[in-house]
Amino acid sequence: MALTRLPRPTGRRRRIAVAVAVGAIAFGLLSACSYGSKADTTTAVPKASGPVTLSASSVRIGYFANLTHATPLIGIENGQFARELGGTQIKTQIFNAGPAELEALNAGAIDIAWIGPSSAITGYTKSGGKALNIIAGATSGGAELVVNPKKITSIADLKGKKIASPQLGNTQDVALLDFLETHGFKENAQTGAGDVSVIRTDNSLTPTEFENGQLDGAWVPEPTASKLVAEGGKILVDERTLWADGQFATTNVIVSQSFLKAHPDVVQAVLTASVDTNTWILANPAQAKTDANAALEQLTGKALSTKVLDAAWSELSVTNDPLASTLQTEAQHAVNVGLLKAPDLNGIYDLTLLNKVLTAAGQPTVSSAGLGAQ
């Protein structure tokens, strides 16, 4: 696998990308779909000029402007996805958190998404196993509880404080609620009221509200967590310490089952781009970090400082493995806090195409831990 397939975008292609983004904002050409988040935006990536012809004219991909979604951030920015998809146009939509993204998938507004496992579990179970499949891993780690050290120095100090999570039912929200329940705090999972006030806050707003004293802490993904640290916050809980070997799924890749059935060649091309991008990231971590920051700047209008970028990047790792063995535990966390009834996760994974891509790339295949589609 040639790692040189991912050069940083320069010259005409970068100018086109910038022009698309800026022009869309300036002239209102971005089609905004709220799906519960002001951060959601849609735009299109120009088609590649290669000879590849696939079964769909376009594929709609959702992800977040977070470093925990480094694979699409880098692979779409640097053109790897476009190269694999050839004549199939990529249409991207940016979200704040998984529940909003899941709503878009269910509404048929996106086909493939990078998303947290809690939202994937919810979408699969509430549809009776008919809405989606997890088809790959993406990221492990990269989520922390950061607090104001002037107000909170221990877990006991959380009582009576205001702690943010990105959205009701998203992966960090479930992790926070389960942590509080485990430590004896009484919470209403739906409203966030209780011994600790759980405030669902858009990641883009959390650092400002933390700095202004409106929040006492937040359980958030990277780079938001490191932004809070840069504002004087301290990490009270690194979520990696709560899992065996420090491994847990922060981000997976899901697909609409109808799209997978109709366009398996397109899904395979996306997975090939994802695997190639992850291989390049692991081989070129310094450049990958820079490229991810460049993509964040295009999406948010502001690059991360070197201090925040370095800290955030060190908290996570990319992986093709969806870490299926941790999914039942993540589901149980949602059950524990009352957000989900005991789910049947049989068939939630379909790793057939991923393992085909991994085998072709000479990489080890991954397991569905007995939860694979039949």
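Reply: Start with a helix pair. This is a predicted model. The axes of α4 (residues 98–106) and α5 (residues 117–126) come within 9 Å. They cross at roughly 35°.

Me: What makes a distance and an angle the right description here?

Reply: Two packed helices are described by the angle between their axes and the distance between the axes. For α4 and α5 the crossing is also right-handed.

Me: Which residues make the contact between α4 and α5?

Reply: From α4 come Gly98, Pro99 and Leu102. From α5 come Ser119, Thr122 and Gly123. Contact means heavy atoms within 4.5 Å.

Me: How do you know which classes of residue make up the contact of α4 with α5?

Reply: Pro and Leu count as nonpolar, and Gly is placed among the polar residues. The tally for the contact is two nonpolar, four polar and no charged residues.

Me: Why is α4 called largely enclosed?

Reply: Buried means under 20% relative accessible area. Seven of the nine residues of α4 are buried, so the helix is largely enclosed by the rest of the structure. Those residues are Gly98, Pro99, Ala100, Glu101, Leu102, Ala104 and Leu105.

Me: What covers the buried residues of α4?

Reply: The cover includes strands β2 (58–64), β3 (89–95), β4 (112–115), β5 (132–141) and β11. It also includes α5, the helix whose axis crosses that of α4. Just after α4, Gly108 has a positive phi of about 80°.

Me: What makes α2 a case of an enclosed helix?

Reply: Eight of the eight residues of α2 (residues 70–77) are buried, so α2 is largely enclosed by the rest of the structure. The buried residues include Thr71 and Glu77 as well as Leu73, Ile74 and Ile76. Gly79 follows α2, with a positive phi near 90°.

Me: How do you know that the span of α11 is close to the expected one?

Reply: The expected span is 1.5 Å times one less than the number of residues. Helix α11 (residues 285–300) has 16 residues. From first C-alpha to last it reaches 22 Å, close to the 22 Å expected. Its buried residues include Lys289, Asp291 and Leu296. Just after α11, Gly301 takes a positive phi of about 85°.

Me: Why are β8 and β10 called edge strands?

Reply: Five strands form an open sheet in the order β8-β7-β9-β6-β10, with mixed pairing. β8 (197–200) and β10 (234–238) each have a single partner strand, so one side of each is left without a neighbour in the sheet. The twist averages 25° from one strand to the next.

Me: How do you know that β6 and β10 pair?

Reply: Two strands pair if DSSP finds at least two bridges between them. Four bridges join β6 (residues 143–147) to β10. The two strands run antiparallel. Val147 stands opposite Lys234 in β10.

Me: Why is Ser154 called partly exposed?

Reply: Ser154 has 28% relative accessibility, so it counts as partly exposed. Ser154 sits in the loop between β6 and β7 (162–165). Its C-alpha is 10.0 Å from that of Val237, 83 residues apart along the chain.

Me: What makes the phi values of Asp245 and Leu323 worth a remark?

Reply: Most residues other than glycine have a negative phi. Phi of Asp245 is near 60°, a positive value. Phi of Leu323 is near 55°, also positive. Asp245 is in the loop between β10 and β11 (249–256). Leu323 is in the loop between β12 (316–318) and α13 (327–336).

Me: Are these residues buried or exposed?

Reply: Exposed means over 50% relative accessible area, and buried means under 20%. Asp245 has 76%, so it is exposed. Leu323 has 13%, so it counts as buried.

Me: What makes the bond between Glu222 and Pro223 stand out?

Reply: Most peptide bonds are trans. The bond joining Glu222 and Pro223 is cis, with omega about 15°. Pro223 lies in the loop between β9 (217–221) and α8 (224–230).

Me: And the chain as a whole?

Reply: Its secondary structure comes to 14 helices and twelve strands. Buried residues make up 55% of the 374 residues.

Terms used
Residues numbered from 1 in each chain as written. Predicted model: local features only at pLDDT ≥ 70, side-chain atom pairs only at ≥ 80, totals over all residues. Heavy atoms only, no water. Buried < 20%, exposed > 50% of the residue type's maximum accessible area, 1.4 Å probe, protein only. Axes fitted to C-alpha atoms, helices over the stretch in contact; angles between N-to-C directions. Left-handed = near helix turned anticlockwise from the far one by under 90°.
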